[in-house]
Amino acid sequence: MIIRSFLFNTAFWLWIFILGMTGLPFCIVHRPFAFTVSRIWARGTLWLLRMLCGITHEVRGMEYIPKSPSLIASKHQSAWDTVIFWTLLKQPSYVLKRELIFFPVFGWYLIMLKSISIDRKSGASAMKRMLREAHARMEENADIIIFPEGTRIAPGTNGTYHPGVAALYQHLNLPVTPVALNSGLFWGKNAFRKKPGRITIEFLPPIPPGMKSREFLPLLKERIETASAALLNGSAAD
């Protein structure tokens, strides 16, 4: 497992650098090409995981994958969660911490992809900027993806659901599609080792717009956490 993990970790960063630098001139000339590069990167990463680490995945609830611009609120346990949506959605736009855009190559693409970067130290102004940028992405037919807990959380642990997702829900007036997963069992936060197995990601029935924030946030958490716990229990049974 250590050898396979080492090979994957090395290949993963080489893949980012080689593909990123190769596609960069094309993206500069035609910015939307960055979406094509990102999808190629995601599929290549999943292939590397399968071939080198024995990690596959299963998608459940595909009937709930949005057909039109939507807000997607996902459990976040692993870097895998930032990869998979590129293979399932036409034009995802992630809400992410601003520090990520300063990474060489990787960060350049986040900018070209018009990711919604948040400076957590800016307080209320960060919230206003997030809402403004999310509305602009919605007008461009993007799907807004937010991890309500704000960071990767270990499997079986419930983090705090921050008010940003409720603010987006109210501001955009869009249905919210909750997403549960168990990726942290196989690719943990900052974990060198990648454990073989099958990751399950599950799209849940959307929550329609119009609810009060004080009703929406507990409901969202209950749906995501209940479904994620069931996936963890199912994996343990397997």
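Which residues are linked in a network of salt bridges? The legends below, which describe close-up views of a predicted model, begin with that network.

**Figure 1. The salt-bridge network of Glu58, Arg60 and Arg198.** Glu58, Arg60 and Arg198 are the residues linked in a network of salt bridges. The side chain of Glu58 meets that of Arg60 in a salt bridge with an N to O distance of 3.1 Å. Glu58 also meets the side chain of Arg198, here at 3.3 Å from N to O. This second pair links distant parts of the chain, since Glu58 belongs to strand β1 (residues 55–60) and Arg198 to strand β7, 140 residues apart. Glu58 has a relative accessibility of 25% and therefore counts as partly exposed. Arg60 is partly exposed as well, at 34%, and Arg198 is partly exposed with a relative accessible area of 41%. The structure holds seven salt bridges.

**Figure 2. The salt bridge between Lys114 and Glu140.** The side chains of these residues, Lys114 and Glu140, meet at a distance of 3.2 Å from N to O. Lys114 is partly exposed, with a relative accessible area of 31%. Glu140 likewise counts as partly exposed, at 31% relative accessibility. The backbone of Lys114 also deserves attention: its phi is near 60 degrees, a positive value in a residue other than glycine.

**Figure 3. Val105, a buried loop residue with a positive phi.** Val105 is located in the loop between β3 (92–97) and α4 (106–112). Although Val105 is not a glycine, its phi is positive, at about 65 degrees. Is Val105 buried or exposed? Its relative accessibility is 6%, and buried means under 20%, so Val105 counts as buried.

**Figure 4. The crossing of helices α2 and α3.** Helix α2 (residues 33–53) and helix α3 (residues 81–88) have axes that come within 8 Å of each other and cross at roughly 115 degrees. The contact involves residues from both helices. On the α2 side, the residues are Phe35, Ser38, Arg39, Trp41, Ala42, Arg43, Thr45 and Leu46. On the α3 side, they are Thr82, Val83, Ile84, Trp86 and Thr87. The crossing of α2 past α3 is left-handed.

**Figure 5. Glu133 and His135 in helix α5.** His135 is placed in helix α5 (residues 124–139), and Glu133 is found in helix α5 too. Glu133 has 16% relative accessibility and so counts as buried. Neighbours within four places in sequence aside, Glu133 is in contact with Ser115, Ile116 and Ser117. His135, by contrast, is partly exposed, with a relative accessible area of 32%. Which residues does His135 touch, not counting those up to four places away in sequence? They are His171 and Leu172. Along the chain, His135 and His171 are 36 residues apart, yet their C-alpha atoms are separated by 8.1 Å.

**Figure 6. Helix α6 and the residue that follows.** Helix α6 comprises residues 164–172. Its buried residues are Gly164, Val165, Ala166, Leu168, Tyr169 and Leu172. After α6 comes Asn173, which has a positive phi, near 55 degrees.

**Figure 7. A nonpolar patch on the surface.** Ile2, Ile3, Phe6, Leu7 and Phe192 form this patch. Together, the five residues named have about 510 Å² of accessible area. Where is Phe192 placed? Phe192 is in the loop between β6 (176–181) and β7 (197–203). Its relative accessibility is 39%, and for this reason Phe192 counts as partly exposed.

Methods
Residues are numbered from 1 along each chain as its sequence is written. This is a predicted model: local features need pLDDT of at least 70, side-chain atom pairs count only at pLDDT 80 or more; totals for chains, interfaces and linings use all residues. Side-chain values use heavy atoms; hydrogens and water are left out. Buried means under 20% relative accessible area, exposed over 50%, partly exposed in between (1.4 Å probe, protein chains only). Helices (H or I, at least four residues) and strands (E, at least two) are DSSP runs, numbered from the N terminus. Patches are made of residues with over 30% relative accessible area and no salt bridge: like charges are joined within 9 Å, nonpolar side chains (Val, Leu, Ile, Met, Phe, Trp, Tyr) within 5 Å. Accessible areas come from the Shrake-Rupley method with a 1.4 Å probe; for residues, only the protein chains shown count as cover. A salt bridge is a side-chain nitrogen of Lys or Arg within 4 Å of a carboxyl oxygen of Asp or Glu. Axes are lines fitted to C-alpha atoms, for helices over the stretch in contact, and angles run from 0 to 180 degrees between N-to-C directions. A crossing is left-handed if the near helix is turned anticlockwise from the far one by less than a right angle, and right-handed if clockwise. Contact means heavy atoms within 4.5 Å.
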